[in-house]
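Subject: Structure handover

Hello,

Here is the structure I promised you. Please open it and keep it beside this email as you read.

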Amino acid sequence: MPVSIDIVPFSDSLELFGEADFSSAFSLAGHVSVSISSPSFMFQRRRSTTRALLQSLTITFEGQSEVITPDIGYAPLRLCSITRELVNGGPVDLSNEGHEDSDKPCSWNVIFDIPVPGWLPTTSTYGDQGAVEAGTRYALYATATFIYLEDGSSSIFSNFCSPFRGRARTIDAPICPITLTRFAEVPSAPSSSSSTSVFPMALFIVDAQSGQDGTETDAKTIPPEILKKIQVVASIPNAVTMDETSVPLILRLQGSELNGSERERLRITDFTVDVEQIETYRSATALDCVARFMVPPRVQQPPFVPLRNAHSVHTLYDVGLLMTPYPSKASSTRTFSLLEPSNSGKYVISGDGRVFAHESPEGDVITPSPSENWYVLEASVPLAQEPHQLDWAGPRNRRVSEISPLFSVRHMMHIALRCAYEHPDGEVVYERLHFSLPMQNVRVPVPVTSSAADHSQTIECAMELQKSAPYSQSLPAYSQLFYSNGERKIDYSIPLPLYEPPPSASSSSFTFDHGDDDRKSIS
């Protein structure tokens, strides 16, 4: 075709920084290339000029989410649709006059810049393992409307086609996929030098719930008033990067309200830890969940407006060859542990387990002051490096924590303290104090090294990037430099230079220029 268009983004991936925010946006820029060429015909000595009147050129950024599960079936949703008109102020006359015989077409690049909402979920694949293309996807679409003034044909058949030249024609550019990736902002300096995590430790004052130990079926239990006197403070990182292979855990136990007899009878023998990933797949009928997000209204959703690049299985559902097994079911959940199968997650406490008992020099059990009554347990919980199980949704891979309209991933750390209590009659009973802590799995950007060895290579890469992309992708995101209120972020980890007093006038020499007699003195 003499007229063609192509989408050329400055980058086929867009990096989002910080947490999902409805009030933020990121720039996706590039240009749409409009090309005109003159076709060659048999018995034609010279190619004719091609002229076209470009009436409209639109660029659309659209995101979609599709879920396919055995129980809720197929659920499509349009996440966003942002369209920009690139031809403003009237039609544009395009012609390849003077370049008809060139092997390369005449091209015009029309710049676009689309604000991408900051709440959008990242590009990912999920759902039924048989539907490899289902998940969250984004792409750019371009459409041009034009009228041929001269289509470059001068054959005898062109006279018969001349009445149809004045009709408006529409062409579409090839789909341009865009990958969205979200990175967490790495703190400038860790809050604790003893922590091996990239992110600082967060404190949780937990309300542990008691439960019967699985190894004991006796009806006798530990008195509830004793278990309520145990205070637990847990610490885990604010976030765990996908590159980290373990999670540090710190437990602080206190029993300041226990009397001497209770301290002697109560023991903490061990504790177990499990890291769990909970994946929730939702149907489009879950309106309460979808309404929380700024998605297009229902009249712009399938089936009223089909997705531009829908999964092939949607046709089978539309014609009725496939039916939803449970129409009333709005969600499906997949839950599994992120620990290795060989790792039981059990940590045995050394000693006799009487962590609340403190003996005086004479050997008597005493009640210490609250500041001395903390027992600290530290552990490093290893995570599985490779998926070790397979089910209907494919390998049980570790994912980033994320919340989206149709698909969400949460992470929890479940902890259980095994308590043993000796009753006055000598019988020992066991119970567990269990609680859960929310976790965040995040991605962090790869640190950029600036050593002298690769300084020249960095300059060469920067020059190539400047040639290929007018807006350099190496620039930091706005959220990395400023807070949401516009205040600039200050990196306090970099110390200020030491103060040096200015040199005194006696030790410095100044040269005054007396050649300008018209100089005025300001008093």
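Below is what was found, going from the whole chain to single residues.

**Ground rules.** This is a predicted model, where local features need pLDDT of at least 70, side-chain atom pairs count only at pLDDT 80 or more, and totals for chains, interfaces and linings use all residues. Residues are numbered from 1 along each chain as its sequence is written, and side-chain values use heavy atoms, with hydrogens and water left out.

**The whole chain.** The chain has seven helices and 28 strands. Both are DSSP runs numbered from the N terminus: helices are H or I with at least four residues, strands are E with at least two. Of the 523 residues, 41% are buried. Buried means under 20% relative accessible area, with a 1.4 Å probe and protein chains only. The accessible surface is about 30300 Å², and carbon and sulfur atoms hold 54% of that. Those areas come from the Shrake-Rupley method with a 1.4 Å probe. Now take contacts between residues at least 6 apart in sequence: 80% of them join residues at least 24 apart. A contact is heavy atoms within 4.5 Å.

**Strand 27.** Find residues 428–439. Strand 27 pairs antiparallel with strand 26 (residues 407–422) over 12 bridges. To pair, two strands need at least two bridges found by DSSP. M413 has L437 as its bridge partner. Five residues separate the two strands in a hairpin, and G426 in the turn has a positive phi of about 95 degrees. Strand 27 also runs antiparallel to strand 13 (residues 209–212), with four bridges. There, Q212 stands opposite E431.

**The second largest pocket.** Its space is about 780 Å³. A pocket is an open set of points on a 1 Å grid over the protein atoms alone, where a 1.4 Å probe fits, with protein on both sides within 12 Å along at least five of seven lines; lining residues have an atom within 4 Å of a point. This pocket has 30 lining residues, and E19, A20, S401, Q440 and V442 are closest to its centre. Strand 26 gives the most to the lining, with four residues. Strand 27 is also among the strands that supply at least two.

**One residue to look at.** P248 lies in strand 16 (residues 246–254). Why does P248 count as buried? Because its relative accessibility is 13%. P248 and V381 are 133 residues apart in sequence, yet 6.2 Å apart in space, C-alpha to C-alpha.

Best wishes

Note on methods: Points joined across faces, edges and corners; volume = space filled by probe spheres on them. Buried < 20%, exposed > 50% of the residue type's maximum accessible area, 1.4 Å probe, protein only.
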